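Student: I have just opened this model and would like to learn how to read it. Could we go through a few features together?

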Amino acid sequence: MESNIRWLVFAILISLTFSSFVLDHGTLAESVKPDEAKQLRDEVRGMFYHAFDGYMNNAFPLDELRPLSCQGEDTLGGYALTLIDSLDTLALLGDRERFTSSVEWLGKNLQFNINKTVSVFETTIRVLGGLLSAHLIASDYATGMRIPSYNNELLVLAEDLTRRMLPAFDTPTGIPFGSVNLMYGVDKHESKITSTAGGGTLSLEFGVLSRLTNDPVFEQVAKNAVRGLWARRSNLDLVGAHINVFTGEWTQKDAGIGTSIDSFYEYLLKAYILFGDEEYLYIFQEAYRSAMQYLHKDPWYVEVNMDSAAIVWPVFNSLQAFWPGLQVLAGDVDPAIRTHTAFFSVWKRYGFTPEGFNLATLSVQYGQKSYPLRPELIESTYWLYKATRDPRYLDAGRDFVASLQYGAKCPCGYCHITDVELHKQEDHMESFFLAETVKYLWLLFDLAVDSDNLVDNGPYKYIFSTEGHLLPLTPQISLPRERCSYFGGYCPSNSTKPEQEVLEEESNNDERSNSYPYHESFPITGLIKGLCPGLTHAQKYGLSYVLPEKTDREDVDEAKPVVTSSSIVLITDQRMEKKPQEEEGFTSQSEPIMTISGGSSNDQTGQELTLLESETDDQRLYSS
C-alpha cells in the first residue's frame, strides 16, 4: 500500500513537471535586451519611490503603509518600521540626501524604551538588521555613502534594542521565546512554542552586533539557539516546524524548507560565509544533505514527517522559493535551475505565487490564495542570473515587473493580493516590499546593464540577510583570526600580543582577569594540527550534537568535578590545570541540554573535549 502511494505521488510530480514545462514555454516573447534592461531598472526604481514616497507622505512615522486608503498603521512596534527597513535600499540606489535625512531622524527620534511586545524574529530581521546595515554604510568612507555628522547613533540603538530582547533567551533549551516586551521582558503567560525559523534565524544580526560592539553575549545566545534546535533533530537529520522552548519537544513534526523552517537553513550557510565559523558549515552540510534526500522530489519539495520521512504535505509553499538562491550560494546550481523553472511556472499561471499550490490537485491550496508581495522567487531569480547570465532570468524579471505594476499597484504604493486567481487587492503593504522585493528586482536589471552598484561593484562582498539587508564581509566582521578583538575569535597563541604582555602572562599564568576572557569559538581549534585533511568536519572537531539520556548525579564520574549550565553539559578533565572553582570544591547542577563531546576517529586516548559554562561566571574554560 505504501509503495503504491509513493508511486502515485511520483506520477503526480512527473505530471506536474511536464505541466510546468508547458506553462513555462507555452508563450514566447522576445528576450530582454540591454536597452530594455536599463528601462526596466529605471522602472523598478520608480516603483520603489512610488511606494516609499507613499509611506513617507501618508504613513510615517507609523510602521507600515495602507496603500489603498493612503493611511498608516502600527504593525510591529510603532517605530517607523518601513523607514528602517528601507535604509540600505536608499543607499543602494545612491540616494544620499534621503539616506542621510532618514539616518539623522532615526538617530534623534527613535527609542525602544516602550511597553510593546514584539516578535523576536521579525524585530531582529527587520529592525536590528536595518539598523546594522545602515550603520555599516553610514560610518564607512569606502561605501561612498558616509555621513560626516554620523556618530554611531544607529549602532547604539541596535545594541539597546538587542539587550531588550535578551530575556527571551532565558529558557532551558537556549531557544528563545517567540515574543518579548521591550520594557518588561517576557510575559509569564507568553507561549512556550516557537518556530524553528524564529529560533534559528538570528545568527547574522546578533553576530554582527557582537563584532561591532566587542560584546560576545549576542552572538553566543544566537549560536546556542541554533545548537539547541540541531541537538533535537531527528535520526534523519531533519528538524520540525515548531518546538517547545522549555521541554525541547517538537509540537509540529512536519519537516520542510518553507513556512516556519526556511531561514534556519539559510542562516546556517550564510553565517559560515560571513563569519567563517565552520560549525555552521558542518550543520548546514548535514541539514542540506538530508533535505535533498528526504524533501526533494525533483524539481519540487514536499513536507514530510521528521522521524519517518512520510509525505504529509505535497504543497509548494511560496516561502520555498528562496531555496534556489541558497543553492546557488552553496554551489549546487543544476537542481536550483530546475526548481526555479517549476516555481516560476506557478507565477506564470496566476501572475503571482499563491502562499500554497497543491502538487496533487495542481491548484491553489485552499486558504492559501494570497500573495503578500513576497520577494523569495525574485531573490532566487537574481542569484541564478548572477550565476549563469542566462537571459531567461531577465525575462522572468520582466514578468515580475508587469505583474506588480498591473496587478498590485495602488494609489499610494503596492497592495497585497488576497486572491491570485481573482487578483483582488488588500489595503496593506509589508515593509519587506521595499527592503527586498524591489531591491532584488533592481539588482537583477542593474546586473544586466553595468553592475555599478554597492553590492556588485562595491568595496566589499555582501551577504544578504533574510530581510535583504546588506552585511559586508569586512575585516572587523569576517576576519576574526586576524583581529582577535571579539569573543569567539581564534588566534594562534599569543600571536597578536606584544612580547612584554606574553612574558607577563606566562609569569602570572594562574591569575584570572575580571574582564571577559578571550577564547576560541571551537575549544579544540588550536589542537588539531596535523590531522588528515580527509577527515570529516565532525571528526576533526569532535563535535557531537546529542542530548544526554540521563542527568542525575550518579551518571557522572565522582572523580571529576561537574559544572553544568542550562544549555551545555560540562565534564572537566582532572589533567587540566585547576581553576579557582575546583580548588574550592565548587559544583553546580541544573538540567543539561546539550553535550559537545570530542575526540577524532583516530584518537586513541578516548579524551573528551568539553565546553564548560557556569551560570554564575562569564568565564568559559576548556579541557582536552
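Tutor: Gladly! Let's begin with a term: a disulfide is a pair of cysteine sulfur atoms within 2.5 Å. The model is a predicted one, where local features need pLDDT of at least 70 and side-chain atom pairs count only at pLDDT 80 or more, while totals for chains, interfaces and linings use all residues. Residues are numbered from 1 along each chain as its sequence is written, and side-chain values use heavy atoms, with hydrogens and water left out.

Student: How many disulfides does the structure hold?

Tutor: Two. One of them joins cysteine 70 to cysteine 412, with 1.8 Å from S to S. This link is right-handed, with 90 degrees about the S-S bond. Cysteine 70 sits in the loop between strands E1 (64-66) and E2 (71-73), and cysteine 412 in the loop between helix H15 (392-408) and strand E16 (416-419), so that distant parts of the chain, 342 residues apart, are linked. As for the labels, helices (H or I, at least four residues) and strands (E, at least two) are DSSP runs numbered from the N terminus.

Student: How do I read two packed helices?

Tutor: They are described by the angle between their axes and the distance between the axes. Axes are lines fitted to C-alpha atoms, for helices over the stretch in contact, and angles run from 0 to 180 degrees between N-to-C directions. Here, the axes of H3 (residues 81-92) and H16 (residues 432-449) come within 7 Å and cross at roughly 20 degrees. Angles under 35 degrees count as roughly parallel, and H3 and H16 are therefore roughly parallel to each other.

Student: Which residues of H3 make the contact?

Tutor: Contact means heavy atoms within 4.5 Å. On H3 they are Thr82, Asp85, Ser86, Asp88, Thr89 and Leu92, and they meet H16 residues including Phe432, Trp442 and Leu443.

Student: And what about sheets?

Tutor: Two strands pair if DSSP finds at least two bridges between them. Two bridges join E14 (residues 356-358) to E15, where serine 363 is the bridge partner of asparagine 358.

Notes. Parallel < 35°, antiparallel > 145°, perpendicular 65-115°, else oblique.
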